[in-house]
Amino acid sequence: EGVMSTEDSTSFALYENNELDSTGVPLPEIDRVKADPVLSEEFVSGPDPCTYYYGFTNNKPPFDDVRVRQAFVQSIDRQSLIDNVTKGGQTPATSFAPPGIFGAPEPGKVGLPYDAEAAAASLQEYLDENDMTIDDFNAMGVTLMHNTSEGHALIAAAIQQMWADNLGVEVNVENQEWAVYLDTIKNSTPLDQVPHVWRLGWCADYPDENNWIHEVFNSDEGANRVRTDNADFNALTVAAGEAQDPAEREALYEQAEQMLAEEMVAYAPIYHYTTVQVTHQWLTRNFPPLGANDFYNWTLDAEARGY
């Protein structure tokens, strides 16, 4: 029997009341769970093949300028976010596909690292060229949007503060319910109705980069919510999918990841997920390497459960 819940806090309360056998741990509860003698024994954190990222609407000013996008990416201190907000042992992400996906770059090999000085310099170059001050920039009303969630709100608040501290930028944070949100950020929504920056995650359907960099970002054949139009990038992801030699495919995918993260700077990768779960002692479950749930491999001790 499964229970549908819109908030992690509701599910966790049900778990603590023994109404759920296993559930995720909300961000605000992680410290308490780790410190609790019972809950800490029921707690599991392990890799999950998903990536949390902020997409940029690449054709919406001022994010139509790569220097603005660079500034916003390089002013995100991913490790600080993980240490102080998410607290689930996530891996900082500078590229899209996580470890374990065929063709994924080694962590940290590709992409733009946290560098507050470089970020400020990129934004200042944009301001100077356009004869603008930071007040002029803030008057443009940059918006970050996420789907309604306690966890996403905490992450957004932390990154909003990083952008303020490192760039002097004031970003408005908004949220929408999931169904409305997906319509808002699709690439056919009128530009004036789309936020400048928006939150999404992507998880593996199958363990190959084709499912990642091609299906999500190729503007001819992918979802392309970031609204890029780069023929060279598109050709790279297609060529990688068609190549027969595994080493050639890996090299092409790494080149595509590098182009997307370092040259196009189409998005801000933030972290690769972990599964952060608690499970009561009467349930024996596994954590598949590609995520999801192998319910058929779970066993429940009905007597211990109290049935």
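Asp-131 is found in the loop between helix H6 (116-129) and helix H7 (134-138). In this predicted model, the phi of Asp-131 is near 55°, a positive value in a residue other than glycine. Asp-131 counts as exposed because its relative accessibility is 72%, and the cut-off for that class is over 50%.

Val-265 sits in the loop between helix H12 (246-263) and E7. With a relative accessible area of 0%, Val-265 is buried. The backbone also holds a cis peptide bond, which joins Pro-61 and Pro-62 with omega at about 0°; Pro-62 belongs to the loop between E2 and helix H4 (66-74). These features are worth a glance because most residues other than glycine have a negative phi, and most peptide bonds are trans.

Turning to the strands, E6 (residues 197-203) runs antiparallel to E2 (residues 43-56), and seven bridges join the two. Within this pairing, Tyr-52 has Gly-201 of E6 as its bridge partner. E6 also pairs with strand E4 (residues 143-147), here in the parallel sense and over two bridges.

Strand E7 (residues 267-279) contains Thr-274. Thr-274 counts as buried because its relative accessibility is 13%, which falls under the 20% cut-off. Its side chain reaches the backbone oxygen of Gly-88 at 2.7 Å. Beyond its neighbours within four places in sequence, Thr-274 is in contact with several residues, including Ser-45, Gly-46, Pro-47 and Asp-48, as well as Gly-88, Gly-89 and Gln-90.

Definitions and conventions. Residues are numbered from 1 along each chain as its sequence is written. This is a predicted model: local features need pLDDT of at least 70, side-chain atom pairs count only at pLDDT 80 or more; totals for chains, interfaces and linings use all residues. Side-chain values use heavy atoms; hydrogens and water are left out. Two strands pair if DSSP finds at least two bridges between them. Helices (H or I, at least four residues) and strands (E, at least two) are DSSP runs, numbered from the N terminus. Buried means under 20% relative accessible area, exposed over 50%, partly exposed in between (1.4 Å probe, protein chains only). A polar contact is a pair of N or O atoms within 3.5 Å; within protein, one must be able to donate a hydrogen and the other to accept it, and residues adjacent in sequence count only if both atoms are side-chain atoms. Contact means heavy atoms within 4.5 Å.
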